Amino acid sequence: MPSPTIDLLAVNRRRRARRHSIALGLLLVLVVVLFGFTLSVGQSVIAPMDVLRVLLGEPVPGTSFTVGQLRLPRAVLSILSGLCFGLGGVAFQVMLRNPLASPDIIGITSGAGAAAVFAIVVLQMSGPVVSLLAVGAGLGVAVLVYGLSFRNGVGGTRLILVGIGVSAMLQSVIAYILSTALSWSLQEAMRWLTGSVNGAQLQQALPLLLALTVFGGVLLSRTRDLEALRLGDDTASALGVRVSQTRMLVIVSAVGMIAAATAVTGPIAFVAFLAGPIAARIVRSNGSLLLPAALVGAILVLLGDYVGQVLLPSRYPVGVITGALGAPYLIFLIVRVNRTGGSL
Amino acid sequence: MTAASIKIPVRVHGIVARSNRTRGLWLLVLVAVLALLSALSVTTGTRDVAWAEIMAALGGGQETIGQAAVALRMPRTLLAVLSGAALGLAGAIMQGITRNPLADPGILGVNMGASLAVVIGVAWFGITSAHAYIWTAILGAGGAAVFVYTIGSLGRGGATPLKLALAGAATSVAFASLVIAIVLPRGDIAGGIQAWQIGGVGGATYDRVVPVLPFLGVGFAISLLSARKLNSLALGDDVAAGLGEHVATARAVASLGAILLCGATTAVCGPIGFLGLVVPHLCRTLIGVDHRWLLPFSAFGGAALLLAADILGRIVARPGEIDVGIITALIGAPFFIWIVRRQRVRDL
């Protein structure tokens, strides 16, 4: 006969699990609604039925181009890159137990961006090679930052400061390459300084889809281990998690996703950094943050791009919007971390 | 027991006497290096110029292209010397005030604060005059310094080195992102600001250098005069207060000097990072921790290092140039990482 305490625990656990799935479902609905909304409402409003017909492949005079060629690639790319940034970012934050340890602050995004800029401007490359180089460089930077901050274990603050130092170097490399580019175009520069989905094409979604399936799959299959890592390395290994193996898999796949997204859209400012904490606020219960953060990332990019394109008097790339949003939050987070020493 | 207590003062005295001579010697060496670098800075660049042309240009001649090139390099050299000295000195002061080996006008967000203020002024209030630039930059630098120090000293343990550095670096990242957000959509000002934002002394003219001179002068004076107070502060707040030092005032005055220097420099050159971090550390290994020596040394050392970085940027990328802000970041960031690694970290 089970004791009332155990019953209560079981009820609570079920309730938390239900709340988690409700939050997840709501986020998913929000992504779909935003997707449909950005397709149909822009500079001109297109009836939802027409949008649906375009999506199903029927030629609709007048709207096929606007929806199919302009809005659809943008929206698809926004969602995919948002998923990549959100998932990769939160994986780092959870693994290192520090919201500041997100890839865009510790230099991984800058590394991928620097490699992409170098490949495009100096080596005159394009296409999947650029993505591969970016992924390689992102991994290299991750290993470098991790190795440099290793000293009797990796200290959280030390890792972040080392990452900021590495990031400063890579930023200046990007600035230099951009300033020497023969055809200095502000549009291109903007992409590599702050991230944008301008000029999106559907075939650019391919490397992102690939990265999401492979790396995202690996990450999600490790959800349980990552959750255990939140309790600390020692506790996690006592619970049967192979800590170093998990950590390596998580680093490789998170960096892979972030770098693949960076190679296509540029480092969309602070999405990786913001998605995790926002998701933590929404989900609140103890469930995994991976999927909610990925969806929040997609929402951030979709919404940021929509605000930058349609709602403001002049057109801004999405990174400008997320950057302006993320900066005050970063400062707020520092204040909170210093006051309480807390984590996500 | 008695033997030991007699021995120690003698040995200490020996070290002090010797190192004063060494310090004097090093100062001479540093001044000589600075003079040499200045000469090099005037003579080297994308265009090779003949010795005769240099002499003619120094006399004021601008007849040939070579002479014109030298005439362009002179204000640039002057600006590099002045801003390098200002940043080196400001770095030494900040490290002294906060007793923090990681302090630097770039890392603590002061330069970025100045830069954000200037960008806001240009984009939204249409400031154009040199004086408006400088005042705005100084206001921004001061605001950022107060802001970062406040954030860094929240919570347990007060302003520990790592907390302060983290607060400053994060504020810097946040400000940089705001600068991009403000500047990039504005096609009319983006090009100019973007170039300025990298940090450089290229394209300097006397017209741009002269307005900052009074600000730098006051900044240098305040900073150098606070050496003795910084020495007291180095002993810890309690001991400094016990020695009769008014701790808060001493900090405020010295910060004012550093803020003037950083703001004025950033207004002309853009935010140049890491110089103020590297120079005081190098100087300390040469001449020790006495601020009465360290401050002037950091000024000379900063001037020499910025000048060297500028010359390097002109030689490496011929026929183009690399802005000095990029070179200092590439040299200074590894140094920063090295200090972060070396730091014994307790409050993680």
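# A guided tour of a two-chain predicted model

Begin by selecting Arg99(B), which is partly exposed, since 17 other C-beta atoms lie within 10 Å. A residue counts as buried if 20 or more other C-beta atoms lie within 10 Å of its own, as exposed if 12 or fewer do, and as partly exposed in between, with C-beta atoms placed from the backbone. Arg99(B) sits in the loop between helix H3 (65-98) and helix H4 (110-124) of chain B. Helices (H or I, at least four residues) and strands (E, at least two) are DSSP runs, numbered from the N terminus. The phi of Arg99(B) is near 45°, a positive value in a residue other than glycine. Most residues other than glycine have a negative phi.

Before moving on, note that this is a predicted model, in which local features need pLDDT of at least 70, side-chain atom pairs count only at pLDDT 80 or more, and totals for chains, interfaces and linings use all residues. Residues are numbered from 1 along each chain as its sequence is written, while chains are lettered from A and ligands numbered from 1 in the order in which they are written.

**Two further stops in chain B**

Select Phe274(B) next, in the loop between helix H12 (247-269) and helix H13 (275-287) of chain B. Is Phe274(B) buried or exposed? Phe274(B) is buried, because 28 other C-beta atoms lie within 10 Å. Its phi is near 75°, again a positive value in a residue other than glycine.

Now go to Gly202(B), in the loop between H7 and helix H8 (206-209) of chain B. Gly202(B) is partly exposed, with 18 other C-beta atoms within 10 Å. Leaving out residues up to four places away in sequence, Gly202(B) touches Arg76(B), Glu321(B) and Asp323(B). Two residues are in contact if their C-beta atoms, placed from the backbone, lie within 7 Å.

**The whole of chain B**

Chain B has 15 helices and zero strands. Its radius of gyration is 21 Å, close to the 20 Å that the globule rule gives for 348 residues, so chain B is as compact as a globular protein of that length. The radius is taken over C-alpha atoms, and the globule rule is 2.2 Å times the number of residues to the power 0.38. The C-alpha trace of chain B spans about 75 × 45 × 35 Å along its principal axes, and 53% of the 348 residues count as buried.

**The contact between the chains**

Display both chains. How many residues does each chain bring to the contact? Chain B brings 35 residues and chain A brings 41 residues. On the side of chain B that touches chain A, the elements giving two or more residues are helix H6 (161-183), helix H7 (187-198) and helix H15 (324-342) of chain B. H6(B) gives the most, with 14 residues.

**Chain A and its helices**

Turn to chain A, which has 14 helices and zero strands. Its C-alpha trace spans about 70 × 50 × 35 Å along the principal axes, and 51% of its 344 residues count as buried. Chain A averages a pLDDT (the predictor's confidence in each residue, from 0 to 100) of 84, and 94% of the residues score at least 70.

Select H13(A). Of its 22 residues, 19 are buried, so H13(A) is largely enclosed by the rest of the structure.

Select helix H5 (residues 128-148) of chain A. Which elements do the buried residues of H5(A) pack against? They pack against helix H4 (108-122), helix H6 (156-180), helix H8 (205-221) and helix H11 (243-265) of chain A, together with H15 of chain B. Among these buried residues are Val130(A), Leu133(A), Val141(A) and Leu148(A).

**The nonpolar core**

Cys84(A), Ala91(A), Ile258(A) and Ala264(B) have the most contacts inside the largest nonpolar core, which has 225 residues. A nonpolar core is a set of buried Ala, Val, Leu, Ile, Met, Phe, Trp, Tyr and Cys residues joined through C-beta atoms within 7 Å. H6(B) gives the most to this core, with 17 residues.
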